[in-house]
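Here's a quick briefing to read with the structure on your screen. Have a look first, then work through the points below.

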2 protein chains.
Amino acid sequence: MIDKSTIDDAYALIKPYIRKTPVMDVSAADILGNRNQNNRINFKLELFQHAGCFKPRGAFYSLLSQATLPKAVAAASGGNHGAAVAYAAQKLNVKANIFVPKAAPKAKVDRIKDFGAKVLLDGDNYAAALANCEQHIADTGAFSIHAYDDISTITGQATVALEWLEQVKDLDTVLIAVGGGGLISGMAAYIKQVTDIKIVAIEPANSASMYHAMANNTPVTVTPTSIASDSLGASLCGTNCFAIAKQYVDEFICIEDEDILQAQTSLWNNYRILAELGGSAAFAALASGKYETSENEKIGVLICGGNTQFLS
Amino acid sequence: MIDKSTIDDAYALIKPYIRKTPVMDVSAADILGNRNQNNRINFKLELFQHAGCFKPRGAFYSLLSQATLPKAVAAASGGNHGAAVAYAAQKLNVKANIFVPKAAPKAKVDRIKDFGAKVLLDGDNYAAALANCEQHIADTGAFSIHAYDDISTITGQATVALEWLEQVKDLDTVLIAVGGGGLISGMAAYIKQVTDIKIVAIEPANSASMYHAMANNTPVTVTPTSIASDSLGASLCGTNCFAIAKQYVDEFICIEDEDILQAQTSLWNNYRILAELGGSAAFAALASGKYETSENEKIGVLICGGNTQFLS
């Protein structure tokens, strides 16, 4: 659905604007105790990306892949997508209007403002903010970037996989957290065109839009209640994301909130990595044993975001 | 004073026990504003080392380089050195007694205990804890590891430079924070035997044992009062450290506590890296402009520790 060559071109286009985030091999003994100590583990530290998560990749590609750069962009989000669109727009001198639900945390709202965007704090919930955003787009012709289901968004996020496979040559498996599905579908599309690496989707059991979409063979509405819902809490898996993930993703695993909390603490205690809860979810699947490893398997763990409240 | 080949051998010896910490290129535009945007910057993220800082390298080498592995080791420290010795001893099945001043933060004491060491919480200050430790060593014959001035400690810390130069080929300059001087002297000894990279020592003005040693041409006692004294607060630069640094280090810069606080916040806001105050000092010299960059200079910044209180 998205050609490898399109993703290669996307990477070339956005490369001047994004950080090549580091990878680190770590020992299974640190975290798995006596269980499968001969596993090899590699972290992809995408939480160090601009704006604190992978999402600027999709935002930059969505803007830069237009025939002419839009004059203004609009998005509805009180979280990582809003910050990423604001960041990309600022760097490209595009005006950004970000529609944020009234209840959004002040720290996240301030971050969007720090990136130079106009914040429209209105709407009692996300749906209301989205309706306001869509009205604004209809009224003004502003360019819209969907948080996960636009093909351009998915293509931009796919570059995480391209970069990772350039950095690490011997991965057997990758574990990727899922919200609406933009990241995993893009990465899966790239990975499966070049390797047979196993791709595993990780979701909180109580915020599992893709897991339930697969079970029902079509996206179905869920009510996200996970503690990681601020970044993984999509109520509906994207249609494009669903189709791509259905084709390419090998395994779908649900974890508990308690697994995520323990993983966040473990990342800090063992590695001095402070990931947000959603960014800790892929690691949680490994550390909790919910993802069962095989002998000598080399497992890539994507730490996808770091936007916790600390200091910001 | 320490041959390159000795450092090469040390790295081979400790490699199975340490993490190869990642590096990351970052854009000068993120932090330098309109000042020298054509600088290139590379972070060496040594805060992700076991026990949260570079010090296990020296501790492992000190133990592993003995003709026979000691049965027991002792150290005086309520901070990073104590945790590093405890960690290395645990992994090598050596008994560790760590002498800690009564006022040490509970979080750090707990961390030393978590690594399986016996904590002797006695002595009203560091000097008293050190005296207790020395008495213990005299009584029991336990192996002693100095926090910075043993040649074996310095040799172990030197492996940070070896690893960094393998990872990044085009550094012009490295900025390194200084406490007692073990890290910078080891790194400088390695670097100057293989390249002409400029080496810059960074100290808090109010905790600057090496700066004042250089000014007086001999180590002199200072009273560390910097907010970063928990990791950089040596009252006396090591004698070996002084001699090596005098030979190899090119520039000595003092920064203010305010620079360090701002740098710690900037590392978090821009990169989602949560360094301890001492680990933020090298970056502080760059971000504050106290280290003046040249056109097109590529500057390596060592983020050497992450042992803040958060979550642990």
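In chain A, 72% of the contacts (heavy atoms within 4.5 Å) with a separation of 6 or more are between residues 24 or more positions apart. Keep in mind that this is a predicted model, where local features need pLDDT of at least 70, side-chain atom pairs count only at pLDDT 80 or more, and totals for chains, interfaces and linings use all residues. Residues are numbered from 1 along each chain as its sequence is written, chains are lettered from A in the order in which they are written, and side-chain values use heavy atoms, leaving out hydrogens and water.

**Chain A on its own**
- Buried residues (under 20% relative accessible area, 1.4 Å probe, protein chains only) make up 60% of its 312 residues.
- Along its principal axes, the C-alpha trace of chain A spans about 60 × 40 × 40 Å.

**Where chains A and B meet**
- Each side puts in its share: 30 residues come from chain A and 30 residues from chain B.
- Together the two chains bury about 2,500 Å² (accessible area, 1.4 Å probe, lost on being put together and summed over both), with 56% of it on carbon and sulfur atoms.
- R19(A), W268(A) and R272(A) supply 28% of the area that chain A buries against chain B, more than any other three residues.

**Charged links**
- The interface of chain A and chain B has 2 salt bridges (a side-chain nitrogen of Lys or Arg within 4 Å of a carboxyl oxygen of Asp or Glu).
- R19(A) forms a salt bridge with D30(B), and their closest N and O atoms are 2.8 Å apart.

Key. Buried < 20%, exposed > 50% of the residue type's maximum accessible area, 1.4 Å probe, protein only.
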